[in-house]
Amino acid sequence: MERGPHRRRSIARLLEGAVVGEQVVVTGWVKTSRFSKNVSFVHVFDGSTDKTVQVVLDEALALAYKAELGVGAAVRVQGEWAASPGGEQSVEIKAHEVQIVGASDPSTYPLQKKRTTLEHLRTIAHLRSRTNLHQAVVRARDAISWHIHRYFHEHGFRWIHTPIITGSDAEGAGELFEVRAGDKPEGFFGKRTFLTVSGQLEVECFAQSHTDVYTFGPTFRAENSNTARHAAEFWMIEPEMAFADLDDVIALAEDFVRTVTQRVMADLPGDFELFDKRCPECGAYRPKEACKECGFDGPGVVASLQAALAEPFARVTFHEAVAILQQVDRAWEYPVGPHESLQAEHERYLAEEHFGRPVFITNYPREQKAFYMRVDEGGETVSATDLLVPRIGEMIGGSQREERLDMLLEQMERHQVEQEELWWYLDLRRWGSTPHGGFGLGLERMVLWMTGVQNIRDVLPFPRTPGHAEF
Ligand code: 4AD
Ligand code: MG
């Protein structure tokens with residue numbers, strides 16, 4: 001944007017580069033205002049940073065605008081960038097001109113000063129991005145997304161735009177939203193179509209032409225699980241590599257999670273200061289000692305992320321994990337055994353208590369996982385991996401893929417996946433098939449992990465969950 005005294009600059013830009021004495025223009029929304037006889041202050045935010053800018057009004061301006069400069073008003077201020085004596089900030093704007101761009105009546109403004117609950121804010125999701133926590137979460141989500149793209153491009157991966165509308169159930173889990181147009185039974189496409197649950201099968205085609213690729217976009221699951229970790233619409237990152245085995249997939253996943261986490265934390269120090277003030281257990285703002293709401297007295301989110309990254313991630317097979325769980329003296333809600341699947345309680349125990357850091361679980365029983373995973377020697381397990389992290393449980397699910405046509409056909413038969421639907425997927429094994437693999441990371445799970453926010457409904461701009469599709 002053009003520079004000059006009449007051009008607005010974001011608060012982030014001003015704090016970075018404005019020179020004391022310079023004429024500047026700032027635009028944003030009023031967060032707080034304090035009027036007194038001699039000098040009045042208005043704090044303005046614009047989302048570009050966690051910082052507000054302090055606008056100082058002389059008596060005349062204060063008198064003229066006092067009634068309109070209430071919380072929530074959109075304003076444009078022109079003035080001098082000045083050193084700020086005392087107080088929290090080192091610079092401020094001495095206002096010469098104030099313009100009320102959009103008035104806001106503080107008596108009806110839905111975001112009142114006193115802290116409202118996150119549950120209540122979900123009912124006003126169109127306004128909640130103006131609150132402190134959501135301001136920070138939006139920036140974190142954006143930074144994570146950006147660093148994900150950066151990471152893959154630095155490592156030579158191409159971003160492939162896989163389709164949203166598909167004709168196949170990539171996970172074979174039957175959690176599909178059907179897409180319909182008009183009332184013809186065969187529909188718009190001449191066949192039944194669905195919103196994608198995963199771009200994996202399509203991106204595999206590009207791994208067999210461009211070697212290292214990834215897809216990053218929205219995915220949809222009609223699973224009726226009302227948990228704090230599941231949404232019907234969420235974003236998934238799915239890298240896929242040709243000429244790669246399970247060890248390569250795990251090495252990529254660890255380096256990727258580590259690098260993105262460290263870079264995002266380094267980019268947003270102010271926002272992480274805020275996340276760190278919340279109790280990782282219940283979300284209450286707490287002093288450094290035990291939480292007044294729930295009694296939790298463990299480390300804050302920043303220390304817990306640092307601890308998680310301090311050592312290499314752990315790695316055990318499914319059967320080793322089961323043995324660990326069987327030795328714990330605890331009344332599990334769900335059974336533990338070689339033929340039972342790991343439930344959230346088991347996953348959290350492994351990551352949080354047993355290992356105390358992220359852990360890859362590998363080689364799951366064949367019947368527990370999707371049809372495309374590579375069958376291990378012995379035929380009992382598949383070359384799958386889930387990455388479990390403290391506080392969240394499963395953050396990543398991945399595998400080496402079955403590249404052998406005969407084995408893939410057998411897997412499809414066992415999992416009752418129709419060959420006719422996936423003729424093209426089978427073709428990949430006919431000409432130039434390679435050992436290959438990849439993983440899927442749920443973006444929201446990573447946002448939850450990094451921010452310490454408890455519920456997936458609070459890290460999606462407009463969450464879609466069973467019974468909820470407002471906005
Ligand atoms: O484990 P999932 O189902 O794996 C796949 O979809 C594979 N196709 C990935 C691959 O290998 N390319 O999902 C991957 C990740 C999970 O680990 C979880 O983080 C997230 O996606 N996820 C969800 N996140 C929010 N809401 C839901 N309903 C989710 N279901 C899965
Ligand atoms: Mg999974």
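Which element gives the largest share of the lining of the second largest pocket? In this predicted model, the answer is strand 15, which contributes six residues to that lining. The paragraphs below begin with the pocket and then turn to the ligand.

The second largest pocket holds about 1300 Å³ of space. It is lined by 48 residues, and those closest to its centre are Arg 221, His 230, Asp 386, Glu 394 and Arg 445. Besides strand 15, the elements that supply two or more residues to the lining are strand 11, helix 10 (344–355), strand 16 and helix 13 (443–451). Sorted by class, the lining comprises 19 nonpolar, 15 polar and 14 charged residues.

The space of this second largest pocket is taken by ligand 1.

The shell itself consists of 24 residues, of which Glu 171, Gln 200, Arg 221, Glu 223 and Glu 394 are the closest to ligand 1. By class, the shell residues divide into eight nonpolar, eight polar and eight charged.

Individual atom pairs show how some of these side chains meet the ligand. For Gln 200, a polar side-chain atom is placed 2.7 Å from a nitrogen atom of ligand 1. The side chain of Arg 221 has an N or O atom 2.7 Å from an oxygen atom of the ligand. In the case of Glu 394, an N or O atom of the side chain lies 2.6 Å from an oxygen atom of ligand 1. On its own, ligand 1 has 630 Å² of accessible area, and the protein covers 93% of that area.

Two of these contact residues also belong to the description of the pocket: Arg 221 and Glu 394 are among the lining residues closest to its centre.

Methods:
Residues numbered from 1 in each chain as written. Chains lettered and ligands numbered in written order. Predicted model: local features only at pLDDT ≥ 70, side-chain atom pairs only at ≥ 80, totals over all residues. Heavy atoms only, no water. Near = heavy atom within 4 Å. Polar contact = N/O pair within 3.5 Å; in protein donor to acceptor, adjacent residues only side chain to side chain. Areas by Shrake-Rupley, 256 points an atom, 1.4 Å probe, with all protein chains shown as cover. 1 Å grid on protein atoms, 1.4 Å probe; cavity = no way out; pocket = protein on both sides within 12 Å on 5 of 7 lines; lining within 4 Å. Sits in = over half its atoms within 2 Å of the grid points. Nonpolar A, V, L, I, M, F, W, Y, C, P; charged D, E, K, R; others polar. Points joined across faces, edges and corners; volume = space filled by probe spheres on them. Helix = DSSP H or I, 4+ residues; strand = E, 2+ residues; numbered from the N terminus.
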